[in-house]
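Trainee: I would like to go through the terms used for this model and see what each one rests on.

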Amino acid sequence: MARRLVPVVLVAGFLGSGKTSLLNHLLRGNHGVRIGVIVNDFGSVGIDSMLVAGQVDSTVSLSNGCLCCAVDVEEMDTMLDRLTRADIDVIVVEASGLAEPRTLVRMILGSENPHIGYGGLVVLVDGAEFETNRTRHPELDLHVRMADLVVLNKTDLLSDDEADTVRNRIGELAERAPVLTTTHGRIDPRLLFDEVVRADDEPRQLRLDELLLEQEECHGEDGHTHLHDGYRSVTFTSAAPMNPRALARFLEEPPPGLYRVKGFVYFGIEGHTERYLVQTVGRHIRFDQAPWGRGARRHTELVLIGADIDGDAIARALDGCVSETSGGDTGPEAMTAVHRYVVES
Ligand SMILES: Nc1nc2c(ncn2[C@@H]2O[C@H](COP(=O)(O)OP(=O)(O)OP(=O)(O)O)[C@@H](O)[C@H]2O)c(=O)[nH]1
């Protein structure tokens with residue numbers, strides 16, 4: 001079996017854009033997922049980590065300033081290592097409002113920890129302050145461009161027209177990244193990580209986050225009804241093998257709004273008939289090879305998740321990646337298109 005990887009999700013955004021709010025929202029509505037948190041405070045007082053909903057055990061706080069300049073890769077690896085040993089399902093790094101996301105992305109992609117995988121760069125935008133902030137800090141445009149997912153926050157402070165204007169601006173910058181519109185960072189956690197089914201679901205004491213969730217539900221404030229915001233998932237299956245070049249092209253140039261793809265693929269090419277597990281976040285692609293279970297039917301099954309995606313167009317594009325419809329090109333050499341993304345375990 002391929003090793004289970006702990007995704008590391010990076011949450012960035014300018015000062016006050018709503019990162020801590022989003023993190024707290026994830027911690028409260030975690031659907032049983034064990035979330036490890038690295039909070040990167042700017043300055044010597046760990047304010048942000050104090051604001052993170054009581055999850056002190058699983059929080060590693062950096063009180064020595066901005067992550068991108070104060071922590072080298074080895075130090076980051078030590079923190080990630082500590083969290084992966086603690087039986088964590090996902091790690092969320094909240095970057096300080098001044099951190100440079102590019103450095104963080106490089107740190108995760110360059111990490112030598114074999115237990116972690118890149119979980120995506122989420123960039124928050126303060127809808128009310130975006131134009132002012134980007135005038136003063138032009139580098140914010142670059143941050144939005146790099147995002148795998150943009151969260152347009154604080155829309156309660158905007159009229160519909162103003163929200164459209166900011167959304168269009170983000171669309172120009174981020175081109176294909178999905179844009180979620182929300183308040184108080186309330187996005188659907190399932191966009192960032194999978195729900196986990198545990199064998200030990202027997203009666204037990206509620207954890208703090210579950211208590212908080214229950215309290216929110218009592219007050220009718222559970223975010224679930226507001227979460228969806230155009231987010232949806234599409235499933236694709238094919239019994240016929242997939243064309244590696246065509247599928248790689250599809251993943252490299254994902255349709256607008258597509259954020260994640262996960263599942264397994266059957267290429268059926270001589271010497272490459274094993275099961276290829278695929279995970280993408282934005283344009284970051286990863287394949288792992290794994291044997292088929294005994295008696296398992298050879299086929300492809302993908303789940304595609306995004307915001308405002310066109311399910312029919314995606315289905316048509318993937319139908320076009322099935323070998324028999326894509327017109328040949330399926331010799332063993334075609335597998336190089338996929339093998340460059342295979343991670344040896
Ligand atoms: N009106 C409104 N206020 C919000 C929203 N989201 C966050 N806030 C408020 O904005 C302030 C900043 O939010 P945080 O979540 O702390 O932002 P942050 O990005 O972690 O801030 P820094 O750590 O300073 O970079 C807080 O007072 C929040 O309560 C929103 O959608 N609407």
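Predicted model: local features only at pLDDT ≥ 70, side-chain atom pairs only at ≥ 80, totals over all residues.

Mentor: Residues are numbered from 1 along each chain as its sequence is written.

Trainee: Why is Leu 5 called partly exposed?

Mentor: A residue is buried with 20 or more other C-beta atoms within 10 Å of its own, exposed with 12 or fewer, and partly exposed in between, with C-beta atoms placed from the backbone. Leu 5 has 19 within 10 Å, so Leu 5 is partly exposed.

Trainee: Which residues does Leu 5 touch, leaving out those up to four places away in sequence?

Mentor: They are His 115, Ile 116 and Gly 117; contact requires C-beta atoms, placed from the backbone, within 7 Å.

Trainee: What makes strand 9 and strand 12 a pair?

Mentor: Strands (E, at least two residues) are DSSP runs, numbered from the N terminus. Two strands pair if DSSP finds at least two bridges between them; strand 9 (residues 258–265) and strand 12 have six, so they pair, and they run antiparallel. One of the bridges joins Leu 258 to Gly 306.

Trainee: How many residues of strand 12 are buried?

Mentor: Six of the eight in strand 12 (residues 300–307) are buried.

Trainee: Where do the domain bounds come from?

Mentor: They come from an automatic or database domain assignment, which gives domain 1 (6–226) and domain 2 (231–339). In domain 1, 13 residues are in contact with 14 residues of domain 2.

Terms used
Helix = DSSP H or I, 4+ residues; strand = E, 2+ residues; numbered from the N terminus. Contact = placed C-beta atoms within 7 Å.
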